[in-house]
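This briefing goes through a structure topic by topic. Please keep the sequence and the 3D view open while reading.

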Amino acid sequence: MIAIQIENLTKDYPVGFWRKRQVRALDGLNLTVEAGETFGFLGPNGAGKTTTLKLLMRLIHPTSGHAEILGRSFTDVSVHQQLGYLPENPFFYDYLTAEEFLNYSARLFDLPAQSIPSKVTALLDVVGLPAARRLQLRKFSKGMLQRIGIAQALINDPEVVFLDEPMSGLDPIGRREIRELILELRRQGKTVFFSSHILPDVEALCDRVAILYAGKLLGCGRLDELVPQETGSMELMVGHFNETLRNELQAIGKEISMAGNLLRVTLADQGALFRAVEAVHRRGAHVIRILPGKESFEDYFVKLFAPPGGSARAKPL
Amino acid sequence: MTKILAIAQNTFKEAIRDKILYSLILFALLMIGSSILLGMISINIETKVTIDVGLSAMSVIGAVMAVFIGINLVHKEIDKKTLYSILSKPIHRTQFILGKFLGLGFTLLVNLVIMAVGLVGVLMFISRGTGGIHSSLFIAVFLIFLQLLLITGIALVFSSFSTPALSAMFTLALYFIGQFNADIRHFGTAANSLAIQSVTTSLYYLLPNFGNFNVIAGVSHGRPIAWTLLGYDLIYSIAYLFILLSASAVIFGRRDLK
Ligand SMILES: Nc1ncnc2c1ncn2[C@@H]1O[C@H](COP(=O)(O)OP(=O)(O)OP(=O)(O)O)[C@@H](O)[C@H]1O
Ligand SMILES: [Mg+2]
């Protein structure tokens, strides 16, 4: 079954105060997400991810195109009964307490009144905010707001959940918790559609991803199909090294620098990595960590698809 | 309907947690209180002055509240992006507008009742009994309430597409014009030119007309309010509010949240 079907979705924003020009933020997006999938929506800043989600949530109106969610038009108010949405950098009524806000959210879904208190309690637990129940949202930290935002997105036990950068503003523990939460939603058979910049999360969670760039879809599919497996550089952190090893690594590595009392060596590919590790071993130094290189996944896609010198930002028409 | 009520309740909650309201009410009560002092200077007519000053204070303070909460009603929520998590839920934008309107209407009603209780208290204090208090006093308060609802409706229309500053200007302008609307028509009739006359007549019907709501002078002189006037004002308010709310629902419905 298809959960989300986006057809030719296009959005132009008017810009400029006096002479209105149009900027195309989303350009003929076509996308299909199966029910039960965890789907990652990637793209550099300004690519149009938030715009897509706002369109699907009816917060802005499309210039052209259409979308169906759970087999019904996204403009059909009733279909939103089965959806959850976490806005980007969520803002909520700061005069409400966490509990009041979730109550209010529940009432907007017309949930039966007697079911609300237990739901609110359970959700505050899930997002790790049981102690903040009676705290006004104005006193919340950024990460706490993000958590309450996730709670309100799940209050109606939605079939399809849209999350706009769910990990942003969270500490490492929070990120792990949200990861667990998304995995739990997947186990329950829910469809999760989320945008993110945090690639390890995307790799760990997503069945499929779509890459958006300057409002256009660059690619869509399974990660291992999209990204050649041996891609990218590696970073090797070395401890207990001496000058000889340093010189040797300098020759193998692309870049070499100090990080505290560790040596950071950037290696172009697997071959270089093996040679470097071998040298470290031979000289009796320590391999402290091997990290994926600074070049991200998005960089990879941008390099792969984008015209040279092009900008990821929306272009004026 | 439960959704509209939930939005209305939340709007009311926001208003009562906003401290500006309390200062406005306090200010109104002070004005009513100070009318006692005025009343003492002019012996015998103190009831009349108190009613006059009291009702006027309620009307003006109420209008200020209606304008300033009304213009912010929608705009603030768009600006602070609190609407993202609300309008993405199964809510029609019309339901949102209605909920906001009801919430503010109820807030204004509560404030008027508090001020009215203050006024009645003062009157009882002056006349050592319920002598100066007639039913027309309460009808006058009700007419003030209808007027405030109209102002709220106007503010809501402007705030669904314009900035708060401009909305405040337009709404206040219409409020003042509305007070003298009948004069515009008389001016047209007097002008003896068909062109001017048709312009002023259409303005008369287009712009809000608050003239028929203002019964303060009559009430303070102890004159009763005609039932026909009350009925007329009621029907007029309902019709005008229907137009205003439909307009803001349509405008707001088409709008992109930024
Ligand atoms: N209200 C608006 N008015 C004009 N242009 C806008 C508006 N909102 C977004 N844009 C433009 O649309 C494009 C896409 O923005 P969008 O917020 O969808 O990007 P994004 O992919 O979510 O980026 P990020 O990763 O930074 O959140 C950008 O070029 C942005 O400048
Ligand atoms: Mg975004």
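A:D110 sits in the loop between α2 and α3 (116-126) of chain A; helices (H or I, at least four residues) and strands (E, at least two) are DSSP runs, numbered from the N terminus. This is a predicted model, in which local features need pLDDT of at least 70, side-chain atom pairs count only at pLDDT 80 or more, and totals for chains, interfaces and linings use all residues. Residues are numbered from 1 along each chain as its sequence is written, chains are lettered from A and ligands numbered from 1 in the order in which they are written, and side-chain values use heavy atoms, with hydrogens and water left out.

**Two residues with positive phi**

- The phi angle of A:D110 is near 60 degrees, which is a positive value in a residue other than glycine.
- A:D110 counts as partly exposed, at 45% relative accessibility; buried means under 20% relative accessible area, exposed over 50%, and partly exposed in between (1.4 Å probe, protein chains only).
- A:R58 also has a positive phi without being a glycine, with a value near 65 degrees.
- The loop between α1 and β4 (64-69) of chain A holds A:R58.
- With a relative accessible area of 13%, A:R58 is buried.

**Chain A as a whole**

- Chain A contains 10 helices and 15 strands.
- Its C-alpha trace spans about 70 × 50 × 45 Å along the principal axes.
- Of the 317 residues in chain A, 50% are buried.
- Among contacts in chain A with a separation of 6 or more, 68% are between residues 24 or more positions apart; contact means heavy atoms within 4.5 Å.

**The magnesium ion**

- A:T50 (OG1) and A:E88 (OE) coordinate the magnesium ion (ligand 2) at 1.9 to 2.3 Å.
- A:T50 belongs to helix α1 (residues 49-56) of chain A and A:E88 to the loop between β6 (83-86) and α2 (98-108) of chain A, so the pair ties together parts that are 38 residues apart in sequence.
- A:T50 is buried at a relative accessible area of 17%, while A:E88 is partly exposed at 28% relative accessibility.
- Donors are N, O and S atoms within 2.8 Å of the metal (3.2 Å for Na, K and Ca), and water is not among the atoms, so sites may look incomplete.

**Where the two chains' helices pack**

- Two packed helices are described by the angle between their axes and the distance between the axes.
- For α2(A) and helix α1 (residues 2-16) of chain B, the angle is about 155 degrees and the axes are 8 Å apart; axes are lines fitted to C-alpha atoms, for helices over the stretch in contact, and angles run from 0 to 180 degrees between N-to-C directions.
- α2(A) and α1(B) are therefore roughly antiparallel; angles under 35 degrees count as roughly parallel, over 145 as roughly antiparallel, 65 to 115 as roughly perpendicular and the rest as oblique.
- On the α2(A) side the residues are A:E100, A:Y104, A:R107 and A:L108, and they meet B:T2, B:K3, B:L5, B:A6, B:I7, B:Q9, B:N10 and B:K13 in α1(B).
- By class, this contact has five nonpolar, three polar and four charged residues; Ala, Val, Leu, Ile, Met, Phe, Trp, Tyr, Cys and Pro count as nonpolar, Asp, Glu, Lys and Arg as charged, and the others, Gly among them, as polar.
- Buried residues in α1(B) include B:K3, B:A6, B:I7 and B:N10.

**Helices and serines in chain B**

- The 15 residues of α1(B) should span 21 Å at 1.5 Å a residue, and its end C-alpha atoms are 21 Å apart, which agrees; the expected span is 1.5 Å times one less than the number of residues.
- Helix α6 (residues 135-159) of chain B has 25 residues and reaches 36 Å from its first C-alpha to its last, close to the 36 Å expected.
- In α6(B), 22 of the 25 residues are buried, so this helix is largely enclosed by the rest of the structure.
- B:S248 lies in helix α11 (residues 227-254) of chain B and is buried, with a relative accessible area of 0%.
- Not counting residues up to four places away in sequence, B:S248 touches B:I97, B:L156, B:V157, B:S160 and B:G253.
- B:S162 is in the loop between α6 and α7 (164-179) of chain B and is buried, at 8% relative accessible area.
- With residues up to four places away in sequence left out, B:S162 touches B:H75 and B:S167.
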